[in-house]
Amino acid sequence: AAGKYSDGLDAAKHDAETDCLPCVKGKYATSTGSGECSLCVAGKYLPTEGSVYESECIPCSAGRFGSSPGLATNCTACSVGSAAPSSGYTQCAFCPAGTFANSTSSVQCKRCEIGYFSSTSGAENCASCDTGKYSTELGSATCTFCPGGKVLNAAKNGCDDCGEGKYSNPGAATCSDCDHTKGYVHTANRTQCDYCGPG
C-alpha cells in the first residue's frame, strides 16, 4: 500500500519479504507497490512512519535549518552569528558586517548600536569603537576617526573642536596645548600650532 515498501529482502532471513514495511521517518511513498520510499527534501523533516504524501514533510521553522534530505527529527538550530528568517532553510545565513546574532535559533540579525561595529560577517557581538573613533549610525561595519583639530566626545558619540590654544592629530584621544612660551599659538579646530615669530 502507499506509505509502505518492499525491497525483496528480509534483513534477518535474507529471504523474500512476506510483509510490506512502513516508510521510516523522513521518507514517504505515494503509490502502491513501492520498492523504496522517497526522501523529504533538504530543508524539511518528517517525524512519523508510514507517510504517504510529500506534503507531510514539515519545513524547518525559522531559526533552524536542514542541510540533508530525509531528516527524521526536527531541524538544527542556527549557530550564533547566523540566522534563518523564514521556514525551509537548508543552511543558515551568516550575519553581514554591521550586524550580529548572539544566540542560537536566531530569526534575524540585529544591527550594531551607535558607537559599536562589526567588520566581518558571522559576528556574535559588536565591538565598541576604538579610542578616537566613533560611529553615528546603527549597523556600522567600521568606525571613523575624529579628524585633526577635533577630539572624541564619547557622551554624544561624535567629535568636538579643540579650543583655542589647543590642537590634535586625527584620532587623538585628547587635545594638546600649544607651547605659547616658545611663540606657538592657534585658533580653534586646528591640526597644528602656528609660530608667531619675533615681535
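Serine 118 counts as buried, since its relative accessibility is 4%. Here buried means under 20% relative accessible area, exposed means over 50%, and partly exposed lies in between (1.4 Å probe, protein chains only). The model is predicted, so local features need pLDDT of at least 70, side-chain atom pairs count only at pLDDT 80 or more, and totals for chains, interfaces and linings use all residues. Residues are numbered from 1 along each chain as its sequence is written, and side-chain values use heavy atoms, with hydrogens and water left out.

## Overall form

The protein has 22 strands and 0 helices; both are DSSP runs numbered from the N terminus, helices being H or I of at least four residues and strands E of at least two. Along its principal axes, the C-alpha trace spans about 115 × 25 × 20 Å. The radius of gyration is 32 Å, whereas a compact globule of 199 residues would have a value near 16 Å. That radius is taken over C-alpha atoms, and the globule rule is 2.2 Å times the number of residues to the power 0.38.

Of the 199 residues, 30% are buried. The accessible surface comes to about 11,500 Å², and carbon and sulfur atoms account for 50% of this area (Shrake-Rupley method, 1.4 Å probe; for residues, only the protein chains shown count as cover). Among contacts between residues at least 6 apart in sequence, 38% join residues at least 24 apart; a contact means heavy atoms within 4.5 Å.

Serine 118 sits in the loop between strand 13 (116–117) and strand 14 (127–128). Its side chain reaches the backbone nitrogen of glycine 98 at 2.7 Å. This is a polar contact, a pair of N or O atoms within 3.5 Å; within protein, one must be able to donate a hydrogen and the other to accept it, and residues adjacent in sequence count only if both atoms are side-chain atoms. Not counting residues up to four places away in sequence, serine 118 touches Pro96, Ala97, Gly98, Thr99, Cys112, Ala123, Asn125, Cys126, Ser140 and Ala141.

Serine 140, one of those residues touched by serine 118, lies in the loop between strand 15 (133–134) and strand 16 (144–145). With 11% relative accessibility, serine 140 is buried. The side chain of serine 140 reaches the backbone oxygen of glutamate 137 at 3.0 Å. Beyond four places in sequence, the contacts of serine 140 are Gly98, Cys112, Tyr116, Phe117, Ser118 and Ser135.

## Rings and a backbone angle

Lysine 133 lies over the face of phenylalanine 145, at 4.5 Å from the ring centre. A charge sits over a ring if NZ of Lys or CZ of Arg is within 6 Å of the ring centre and within 35 degrees of the ring normal. The count of aromatic pairs is 0; rings of Phe, Tyr and Trp (its six-membered ring) pair if their centres lie within 6.5 Å, with planes under 30 degrees apart stacked, over 60 edge-to-face and the rest tilted.

Serine 105 is not a glycine, yet has a positive phi of about 60°. It belongs to the loop between strand 11 (99–100) and strand 12 (110–111), and its relative accessibility of 29% makes it partly exposed.

Cysteine 92 is in the loop between strand 9 (82–83) and strand 10 (93–94). Its relative accessible area is 12%, so it is buried. Neighbours within four places aside, cysteine 92 is in contact with Phe65, Cys78, Ser82, Ala83 and Ala84.

Tyrosine 184 is part of strand 21 and is partly exposed at 34%. Its contacts outside four places in sequence are Cys178, Asp179, Cys193, Asp194 and Tyr195. Histidine 186 lies in the loop between strand 21 (184–185) and strand 22, and is buried because its relative accessible area is 7%. Among the residues that histidine 186 touches are Gly163, Tyr167, Cys178, Cys193 and Asp194. Cysteine 196, in the segment after strand 22 (194–195), is exposed at 55%; not counting residues up to four places away, it touches Gly183 and Val185.

The table lists C-alpha separations for these residues.

| Pair | Separation along chain | C-alpha distance |
|---|---|---|
| Cysteine 92 and glycine 66 | 26 residues | 9.1 Å |
| Cysteine 196 and serine 128 | 68 residues | 41 Å |
| Histidine 186 and tyrosine 89 | 97 residues | 61 Å |
| Tyrosine 184 and alanine 62 | 122 residues | 64 Å |
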